[in-house]
Each structure stands twice: as structure tokens, then as C-alpha cells.
Amino acid sequence: MRTARTRQRWLKAAAVLALSLILSACGNAPQSAIDPQGPFAQKPDDLFRIVFAIAVVVFVLVQGLIIYTMVKFRQKPDDDGTLPPQTHGNTKLEILWTAIPALILAVIAVPTVQMIFELDAEPEGAVQVEVIGHRWWWEYRYDFGGETVYTANELAIPAGVPVRLSMRSEENNSVENAVIHSFWIPPLAGKMDVVPGRVTTLNIMADEPGYYLGQCAEYCGLSHANMRLRVNALSASDWQAWVDNQLAPANVPTDGTLEARGREVFYQGACVGCHAINDGEPFLRADGSEVVAAGRTGPDLTHLASRQEFAGAIFELNAETLAAWLENPPAMKPMRPNESPAIGMPNLNLTPDEVEALVAYLLSLT
Amino acid sequence: MSVPVEETSLGLDNRKLAMWAFLGSEFLFFGAFISTYLLYLDDFNNAVNGIELFDIPYTSVSSFVLLMSSLTMVLAHAAHTKGDMRRARLWLLATAFQGMVFIGGQVFEFTAFVKEGMGLTTSPFSSSFFVLTGFHGAHVTVGIIMLLSLWTMMKMGRIGPGEDLKTEMIGLYWHFVDIIWIIIFTVVYLIPAG
Amino acid sequence: MASASVASGSIFRRPTAETGFASWLTTVDHKKIGIMYGVTSFIFFIIGGLEAMLVRLQLAQAEGTVLSAEAYNQMFTMHGITMVFLVVMPVAAAFFNYLIPLQIGARDVAFPRLNAFSYWVYLFGGLFLYSSFFFGAAPNGSWVGYAPLSVAAPGNNMAFYAIGLQILGLGSLAASVNFITTILNMRAPGLTFMRMPMFIWMALVVNFLLLFAMPVIAVALFQLTFDNVFATNFFNAAAGADPLLWQHLFWIFGHPEVYILILPAMGIVSEVLPVFSRKPLFGYAAVAFAGAAIGFIGWGVWAHHMFTSGLGPVATSAFGLSTMFIAVPTGIKIFNWVFTMWGGKLRLTTPMLFSIGFVAMFTIGGLSGVTHAIVPSDAQQHDTYYVVAHFHYVLFGGALFGIMSGIYFWWPKVTGKLIDETWGKLHFWTWLIGFNLTFGPMHFSGLLGQPRRTYVLPDELGPTVEFWNLLSTIGVFIIAISTVIFFIAMLKTRNGEDAPPDPWDARTIEWLTTSPPKPHNFDKIPVITARDEFWHRKYAEDDAGHAVPVPAGGQVDAPPEAGTEVDEDIHMPSPSYWPLVMTLGLPVVGYGVIFKSLTVALVGGLVLLFGMYAWQLEPLAEDDHH
């Protein structure tokens, strides 16, 4: 099966080869940084295109000059062996090619500096979101009228409205063992690092509703490649519905269902130690003690099923992928749950029955 | 390869030129550590305020001793140049001794700080303080070892009156270490505590 | 150095072997050491290249499974460390070693034993780094080793990085002191600064950069090691430290380092282009001062590696401007090289082709570099394959093309054999095509959103990105084939044609002596009367102002060197064991620190100390010498 898949991939690549030669470089690349979908990506791109055009002109001139020189001044086969004129330099020419590049750069410098300040300033009426980088997933916190909403990996925002991200890096609620990440959603903005012990800011905005792809862009160790993210930009009405849903408590399954069995597994096993599910109903353990799921080590699962993917946005969220994940997470995504410091979700050795019940429960958390 | 000084392009002995280059590099070395220290000047990690622990009069005395050792170093070189090996040895020993007094003072100071709750791992401030001054102490120690080696070789007759360049070179190093200490004492102790 | 009077009877005898294996272990001859640097860095180039091929195989298609995440992370990290610290820097040292004394008319470098020490430190530093594989702890935190990842990660991987680079840095520092002293102080009579070959100028700038950059990275590496081993708080944000300290220190070293890597190649190209254009270098003073200017401004642009670190708009603006500024002297050089060729009679030999290739490819790297100075769009390009493309155009298209040019140019001088031009040109064209096929597409894959240092190319990034990645992978195999061709070209010279002393009608005085040069380089130290001294001995201007050969001035096959009188009493330095012995202590100390064993560290320290004292106490020369 692997070889068939590999062959298929190579065929696909070969087919794309012909296509790509015709299409421009930008075709069919959803995470493209040169296909801006919002003003904070558009402005730098406009500037880049100007500079890129100048660079192409210089490129053509210099390479043309080199090739012309090579052809024109090649030693001919019938060369008489005399030496060419021994020029040592030409001050006028040299001043010229010092001054012209300096002038071009000075001209580019003005809009560059202007834009640096412009992009840094906080836009008016921006929606505020806290972003927390963890190895290897993203956490988002919203404040809606004093109530905090926690989500992960998929960042929901209203389309057409600027969003101000305040970003920091943490591990298990502490800056201890936290590392540097970089939040990057190319269609909506350039990247900004997320540094332990600091709060950095980034403005993003999507002109149109839709899904936009991004990922962590600062190497953060083992599963850096698996620290992907998405932005789900919603129309005004969808946004309001989303907010309302997030503010509501999580679904509590009816007794006796598979989902209810899943809830028991969640609270009786290790899950509750790291994950939060806010359903307003403490779980009653056999010994009579009450348990609340408020762990912040892993992603908040209150409305897990309202998101399209999980585990650093690398898997589509469905019964199949979720079951595979719960059976053995480190096999699905490289993590270090058993080393010190422990990073990521360990294999909980769940039985197939437990997995089935958990999947049903988690997928009911819309 | 030893080339007579008069045949070199700059009229300067190769070894001396190399020592100057090396010391230039050392300035950047200490410069980076001092910058780190300044960056963490108020990062006490909610633990002891290291600057309040500084005992300026005490450190002034040990700084003065180190400063004076530069004088004896100059005297050692002068004696060596004149061919007065006995005196040169004496001054070398005096220089090394003052260096040892300084190191002893540093060990005592470090011990006192640790007793008062500021260890190597206490805070960014303490880490950068101990590592900066510790590296300086290591440089002084290397200098002492060189001085004593020089003294031994003079005593054994392996270094004679004509080889005062060796004393001059070690002297260059010693003065450099001294100058670095003056900078450290000013930037690390005096200004923050003042 | 003890006085000669006590030499006999000393336990420290100096070795005397001049041939055979032992002679290489104890040699202090700058030419032999240069060859050792060259051969060692070629071996590391093969290793670093194999690592790159594994990386490219993994990324040949989306969701590749050739390497595990951990293995990939080790491969790309070791590829970077190897190519920077074990290939390009030491291969430049190979050229410095071999050429500086020959081009300035000296018999050796200022400190021959220190020179041997630098080489051994390089070799053992490299072996130390690679020994990490045997402990299952190869560095995996990228060549920039950003804290706090390099502290927080479990395992000794980044401890090997920190100490390995520390050891290598010591060798580079020693070499820089040595070369600076040599260039400043050992020039032949009449060789003023403005008569120095351009390669010597660039060597001088590079070694000053090394002199001042190595201590900064040494400090950063000490801090990293102490954080790892002694739990200090230099980068621990939980204790209130600022992790960006590492980035500042690393790039204050790292950006001059970029020029350390590229300037030697610029020096080589500035030698090769005039020879094969049969014209002097256009605007000698401008090229020299542009090199020096790059060396100075190179200290003020480090934070352009940190535009997305959150430094704030003022700092990023300032560093954006200084970065644009540094493009100016670079541009000057490119135009000067092109106009060196303009109006000449170009002989398109292999070294010439590589030099022209350098100018063309480096221009591309320079232009993409200017786009990085545009801070807002750099926020898109930073840490993507666009940057990977950029610096490979500078370091491969630039540095390696220049170095290849130098290898072909000076090979006859070093080995006394001519290289087969057919194989050389085959190497050049495959190298050029393979290089562009590998790194050209990375501009697109980067702009289309592919970040660097990711072990998997996600399916989500789309077929276009996958296509460009496939091209890159194909390209790297062409480079591999090209390298084999290069190797064959070198091997074939064993039975090749003997090289005359001056096969290229060259301009500088290393071509004055035999090929290969005698151990003492010159029978008589030449007196320098002009820039391009050797050329002026061969040609003079006639009444009409045209350059014509000087009849007695030395035909190509009989340089003035032959048959002239010989300097009396040529003293060459004697070989020595102690640089090697001393170096053996360094990795031992390193293992002691990494595995927290005081005993091991002390043993290493004792070896080091013993070597150091023996070095100081050994006699100046072998016993029969006065």
C-alpha cells in the first residue's frame, strides 16, 4: 500500500510539474505568503512587490552585463597574444555605481520605516485575543464580558474586523520550560515570535470569511512541524453564533448512553488531570468526592467538536482520527511525554471500549 | 618563527603584536559578560538584592591590591631589562603574591555572598555576577601561574637577562587583567551601589 | 621557547621526520597544514552533503517518512553546523594557511606551532561534535541553538553543540591572532598595504572579524553550557531572564560570521578574475575599502536576524536601514568585478568560470538579501525556505563557488599538476545547474508558505509547494554527481601533466616559486616594487603605453626565481608534537563537562597543561641545530 501511495504521489508530482510551469508560482498554495487576504498581509506584500520588481531589473541588468562581457571579450582563437588595455579603474563610474544603489535604497527606506510603525500600532476597534504557544499546540483565550473562553489551534475571528493578538509562551501554566514559537498565518499577516517571559503583539485581519492556514515558524523542537494552526474567519452572524456557543457550557450526555460512559472514562482516568471541560456539573467519584475538569496543560475540550481539527491542527477531527489518537498519541505525533520535562500527551493505555466511549463523548462536545 | 624585530614590517616583535591582538579579543569577551550583567542588573528573581550585599570598602581594598600589583609588575620588567635578575624575581613574586591576595579576597567575598543567600543559581543577576567576576578571577589565576612559571624559569637559569620580552608579554597580560578589573569594579560595584 | 643553550639533553626533543605519516602529525609547515585543512574540510563537506541529501529526501514529497522527526532535526542541525564551522570556515583557513605566506613573501606564518594547534583543534572539535552520535545525542536545536530551547530540551544534544563550538572557536581565535600577526608583520620588503594582493586584504578583514566575533560567541556558549550544566539563569525566563539575550549575542557573532564565510571567496575571485581577463583588478582601492567597510558595518546589522523577535518598531527600523546600507559596498564589489572583465581578453578556464559563477550567483543572493531589509515583508519571509534560498545563494553560490575557483586556480601550485579542463568544466556546469535547481525553487516554496526546520512537508501546503520541493531534491542529487566529477578531476591529476611554476600567466608572487613550492617557499625573499609584483616583472609598458613582455624579465617557464642566488642561513621551524598533544586534552575536558565527571575533566586539563608546558620548554630546533 505504501509503494502504491508513493507511486501515486510521484505521478501526482509529475503531473503538477507540467501544470506548474504554465501557472504562476502562486497557484494552489493555501498557505501562501504572497496571496494576501487581509490588510496586514496586503501592505507588506505591496511593498515587497515593488522591491522585488527593482531586484528583478537589477538582476537582469547585472546578469545581462556578465553574459555580454563573457561573449564580447572572450579571447578569440586567432588572438595575437597582445595584452588588452590595462585599465585600473574609473572614478566616475565607481561613484556612479555607489550612488545609484544608495539612492534606490534610500527611496525604499522611507515607506519601509513608515510601514513598520503602521503595522505595529493597535488598530481601532480590534477584537482582543490572548495567544499562548505551547509545545506543540496553540491556545487562544477570549474575554467576552468578563467570561473567558478557551480554544485551541483553530482561531475563530470575525471577518472584516481587525484582531489584536497578545502572545506569550507557556508550558503547564508556567514560563518554566517554555520555548520560543512564532505565530504565522501568511494570508493574514507576517509572523511574530512568541517569547517566554514577554508579551508580543500582532495584528491580523481577514477580509472575507473562510479558513486560512498557518503554522509555528520558530523552531521549537521535536514536533515543531506539527504545530500548525488555522484561522476560521466568520461572517458577522456566524461570529455571534460562535461566541454564544462558546459561552454556553459543554453538553452533558444523558445517563446510560455511550457518551455518558465516555464522560466517566474522562473523569476517572488521567484525562481530567490535563484537560478542561466546562459543563457546570462536577463529576461525582465513587468515593463521593467531586471533580471538576479544569486542567490547562492540554487544550480545553469544552467545545472541541466545534473545531475542525486537533493536535496542533494536524488531524481532521473525526471518529477515526480521534480514536487512533486516543489509542496511542505519541505514535501519531512525535512528543516527549515520558522525559523530563514531560511534553505532550502520553499513551494512556486505554482499552478499545474506553476509546470508543471517549470518542463518542468528545465528538458530542459541539 | 622568530624574526628579528627590525626585520618585521611594523618594527614590533611578532609575539608582542599577537599579544595585543589577543587582548583586543579579550576586551570583547569581557564586554559581552559585562553587557549581560548590565541587562540583568535588577533581575533578582524575588530573592536577595545582590547589589545591597556589596561591601564597597572591602572590595576597594582588594582592588587597590590588584592595582598595586601592576606597579610591581612594571618594576619587575624594568629590573629584567636592566639585567637585575634577582630584583626582577623579587618583584615578580611580589606581583604574584598580590594577585593571590586578590583571589583570596574574591573567594572570601563569594563565600560571604553565598552565606547571605546569593548563590550562582539564585537569579539572573547572581549568575551574571558570579560568572563575570569568576572569569576575571580565572584570568588572574592564569596570570599568577604564568608569573610563578616565569619566576621558576628565571630561578633555574632558563630565562636570562636578554629575554625581557617574556616578562614584558606577561606584564601586558597582567596590566590588561588589571584594567578589566577597574572597569568591572566601576560598572559592577560602584555605579549600581552608588 | 627555551634558549638554545639548554636544548641538548632536554627530555623535550623535537621530531625531525619530514615525510611519512609522522611528519603530518608533527608538521608546522604552513603548506602542509593548509593541505590538511583542505582535505579535512572536504571530508566534512561530503558528510554535511549526505546530511543535506537525507533532509531533501524527506522533503521530496508531502508527508515524507524517510526520517523520524528526531532524526530529521539532528540532520538539519548537523548539516548547518558542519557546513558553517567544519567546511566553509576551515576551507578558508586552508587557503589562508597555504597562500598568506606565499603571497606576502614570507617563509611561514608568525607562529607555526600555534598554526598546527589551530588545525588539530579544528579536527578534534569536529570529531568531538560527531562523537555525539555515539551517545545518541547529536545536536538537534538548529545551528543557531536558540535558548531557551537549547536549555529546556532533554538530553545532552545541545551540550555537545555548546562545547563543540567552544572548542572550534578556540582554534579559530588562535588562527586569527596568527594570521593577523603574519599579515601585519611579515610582509616582504616593499609590500605596502596598498600593494597587497586582494586576497590578503580580505584575509586581513576576515581575521579581524574572527578576532572580535569569536569571544562573543564564546560568552554565549559559556552561558548556555552553564545554564545546562550548573543550572545558572542566563536564559531562564522563569527566573526573570530574557531569552533574547542569546539571540543578541549569537547574531553579534553570527552576522560578522556571514562575512567571515564570504570574504575569503571574494578575495579569491579578486585574484582569479584579473589573471584570466589579463587586466588588473578594476578599482583596487574601492574593492579593498568596500571589504573593510563590510567588515565594519557587519557589526551593526545583527538584529536583522531578529525582525520578528518583538524588538519594537524603533530597533527594527534602525537595523533595517543599516542592512540596506551594507548592500552598497557589496554592490560596489560586484560592479568592480564585472568591469575587471570588461575590455579584457577572457580565458574561460575552469577557475574563471567558477569566479564568474560566483559573481552571478552571489548577485542573486545579494538581491534577495535586500528584500529581507524590508522589515514588513521580512516578517513573511523570515524562517521560511525563501531565507534558506537566500543564504545558500550567498554561501553556496557565493562562498563555495569562490572556493572551487580557488581550488582550480591554485591546484597546480599546490600539487605541481594541471587539472584536466574537460573534467573541470563538466564539474562547473553540473555544479551550476544542480545548485540552481536545488536552491532556486526554494524561493518559491518559501514565499508560498513553507517554513524551514520542519521535518514534514504537510499535504495541506498544496501541490505547487510539493512540486518545488521535488525539484530541490532532484537538484541536490545533481550536486552530488557533480561532486563526484570534481573528485575524479582531482584524482586524475595524479597522472596528469606537470604544472610549470606559472601556468596561468599570473600576477602575484606565489607563482614566482616552483610548483609545488619548496619548504622554505622562496630561495630569496622577493623585494616588492609594485602591486601585482610578478606581472610587473614579466611585462612593461612600451612607448605607446601598451603592455609588452619584458624579454629578460622572466618567461612563463623560467621565472626569475630559478637560478638566482639563495638567501643564506634559512631557518625553518622544527616540527613539534605538542600542539597535537595539547589539543587531545580539549575534547576530554568537554566530555568531563557534559557527563559531569570532574575526574575526566581534570585528566583532560592535565593533558592540556602538560602539552602547554612542554610546548614552552621544548628546544627551538632539533639537537643538531644551533
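Analyst: The buried residues of helix H17 of chain C are covered by elements that include helix H4 (112-131), helix H6 (157-185), H7 and helix H18 (598-617) of chain C. A residue is buried if 20 or more other C-beta atoms lie within 10 Å of its own, exposed if 12 or fewer, and partly exposed in between, with C-beta atoms placed from the backbone. This is a predicted model, in which local features need pLDDT of at least 70 and side-chain atom pairs count only at pLDDT 80 or more, while totals for chains, interfaces and linings use all residues. Residues are numbered from 1 along each chain as its sequence is written, and chains are lettered from A and ligands numbered from 1 in the order in which they are written.

Helices (H or I, at least four residues) and strands (E, at least two) are DSSP runs, numbered from the N terminus. H17(C) covers residues 578-594. Its buried residues include Trp578(C), Pro579(C), Met582(C), Leu586(C), Pro587(C) and Ile594(C). An α-helix has 3.6 residues a turn, so residues three or four places apart point the same way. The 17 residues of H17(C) should span 24 Å at 1.5 Å a residue, and the end C-alpha atoms are 25 Å apart, which agrees. The expected span is 1.5 Å times one less than the number of residues. After H17(C) comes Lys596(C), with a positive phi near 50 degrees.

Helix H9 of chain C (residues 284-297) can be read in the same manner: its 14 residues should span 20 Å at 1.5 Å a residue, and its end C-alpha atoms are 20 Å apart, which agrees. Among the buried residues of H9(C) are Tyr284(C), Val287(C), Gly291(C) and Ile294(C). The buried residues of H9(C) pack against helix H3 (91-120) of chain A, and also against helix H7 (198-229), helix H8 (244-277) and helix H10 (313-341) of chain C.

Chain C also meets chain B, in a contact that takes 32 residues from chain B and 36 residues from chain C. Two residues are in contact if their C-beta atoms, placed from the backbone, lie within 7 Å. On the side of chain B, helix H1 (14-39) and helix H5 (124-155) each supply at least two residues. The largest share of that side, 14 residues, comes from H1(B).
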